[in-house]
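Keep the sequence and the model side by side as you read.

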Amino acid sequence: MIKSFIKKLLFPILKSVYNIYASKERNYSYKGINVKVMPGVFHPGFFFSTKILLEYISRFDLLKRTVLELGAGSGLISIYCAKQNAIVTASDINPTSIKNILKNAELNNVKMEVIESDLFDKIELRIFDFIIINPPYFPKNPGNEEELAWFCGNDFQYFKKLFSQLKDYKTEETIVLMILSEDCDLQRITSIANENHFSMNIVFQKKVFGESNQIYRID
């Protein structure tokens with residue numbers, strides 16, 4: 001309880017510091033991948049979720065597997081998958097992120113399909129071997145493009161739409177992975193998943209600087 005209260009007090013300060021840092025294009029390198037992160041795009045090095053997802057995904061053989069990343073941001077995870085010879089589709093609702101992904105794909109000499117889409121809205125109906133999700137989870141309506149990476153809506157609209165659409169793209173063989181922090185309302189998100197006949201099972205967990213992050217497989 002105390003830990004959660006302290007984090008809520010610190011969040012506006014940390015967010016302000018991040019906004020200053022993210023106001024300029026930044027270079028970032030991880031696992032041999034070099035990316036540029038444009039202003040208004042979620043920075044994969046400033047937070048732990050991207051690196052934790054990559055740590056887990058690296059366990060899979062992605063050769064010729066079809067991969068969809070929802071909310072790809074700068075494209076780091078999608079580029080990693082493409083470098084493993086996966087067939088990658090990277091999507092994001094933020095048009096600046098789309099430009100950033102295309103720029104970084106060219107920078108890393110990889111080919112992938114890049115689609116501006118609100119979740120599955122503009123994704124052609126097909127089956128993917130992997131669907132990877134690093135979602136916004138703070139319950140507030142986003143006020144601009146940048147905040148789409150942080151806030152899921154006052155009534156968790158992001159998750160309601162995600163789980164209602166997911167059933168059309170998932171088979172029993174599809175591996176759907178989503179990372180969440182202990183800071184989010186896990187009970188509410190799990191409830192929304194259950195209402196749409198999905199279960200969320202922890203497959204990987206890592207604590208960094210006292211914050212626990214879990215990767216869920218959605219079945």
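Start at a turn. E8 and E9 form a hairpin, with two residues between them. Phe 209 sits in that turn and has a positive phi of about 50°. Helices (H or I, at least four residues) and strands (E, at least two) are DSSP runs, numbered from the N terminus. The model is predicted: local features need pLDDT of at least 70, side-chain atom pairs count only at pLDDT 80 or more, and totals for chains, interfaces and linings use all residues. Residues are numbered from 1 along each chain as its sequence is written, and side-chain values use heavy atoms, with hydrogens and water left out.

Follow the hairpin into its pairing. E8 and E9 run antiparallel and are joined by eight bridges. Two strands count as paired if DSSP finds at least two bridges between them. Gln 205 has Gln 214 in E9 as its bridge partner. E9 also pairs with E7, again in the antiparallel sense, over six bridges. There, Ile 179 finds its bridge partner in Ile 215 of E9. Strands of a sheet pair through backbone hydrogen bonds, either parallel or antiparallel.

How enclosed is E9? Seven of its eight residues are buried, so E9 is largely enclosed by the rest of the structure. Buried means under 20% relative accessible area, exposed over 50%, and partly exposed in between (1.4 Å probe, protein chains only).

Seven strands form an open sheet in the order E5-E4-E3-E6-E7-E9-E8, with mixed pairing. E5 and E8 (200-208) stand at the edges. Each has a single partner strand, so one side of each is left without a neighbour in the sheet. The twist averages 20° from one strand to the next.

E4 (residues 87-92) and E5 run parallel, joined by four bridges. Asp 92 has Glu 116 in E5 as its bridge partner.

Next come two helices against the strands. H2 (residues 49-57) packs on the sheet and touches E6, E7 (175-181), E8 and E9 (211-218). The direction of H2 makes about 120° with that of E8. Axes are lines fitted to C-alpha atoms, for helices over the stretch in contact, and angles run from 0 to 180 degrees between N-to-C directions. Contact means heavy atoms within 4.5 Å. H3 (residues 76-83) lies across E3 (66-70), E4 and E6. H3 runs at about 170° to E4.

H3 is largely enclosed by the rest of the structure, because seven of its eight residues are buried. The buried set in H3 is Leu 76, Ile 77, Ser 78, Ile 79, Tyr 80, Cys 81 and Ala 82. Just after H3, Asn 85 takes a positive phi of about 70°.

Turn to the charged side chains. The structure holds 10 salt bridges. A salt bridge is a side-chain nitrogen of Lys or Arg within 4 Å of a carboxyl oxygen of Asp or Glu. One of them joins Glu 113 and Arg 126, at 2.8 Å from N to O. This pair links distant parts of the chain, 13 residues apart. Glu 113 lies in E5 (residues 113-116), and Arg 126 in the loop between E5 and E6 (130-133). Both ends are partly exposed: Glu 113 at 34% relative accessibility, Arg 126 at 24%.

Which residues form salt bridges with Asp 155? Lys 160 does, the closest N and O atoms being 2.5 Å apart. Arg 188 does too, at 2.8 Å from N to O. Arg 188 and Asp 155 link distant parts of the chain, 33 residues apart. Arg 188 is in H6 (residues 186-195), while Asp 155 is in the loop between E6 and H5 (157-166). Asp 155 is partly exposed at 34% relative accessibility. Lys 160 is partly exposed at 34%, and Arg 188 is partly exposed at 27%. Elsewhere, a network of salt bridges links Asp 118, Asp 121 and Lys 161.

Finish with the whole chain. Six helices and nine strands are present. Of the 219 residues, 46% are buried. Residues 24 or more positions apart account for 61% of the contacts with a separation of 6 or more.
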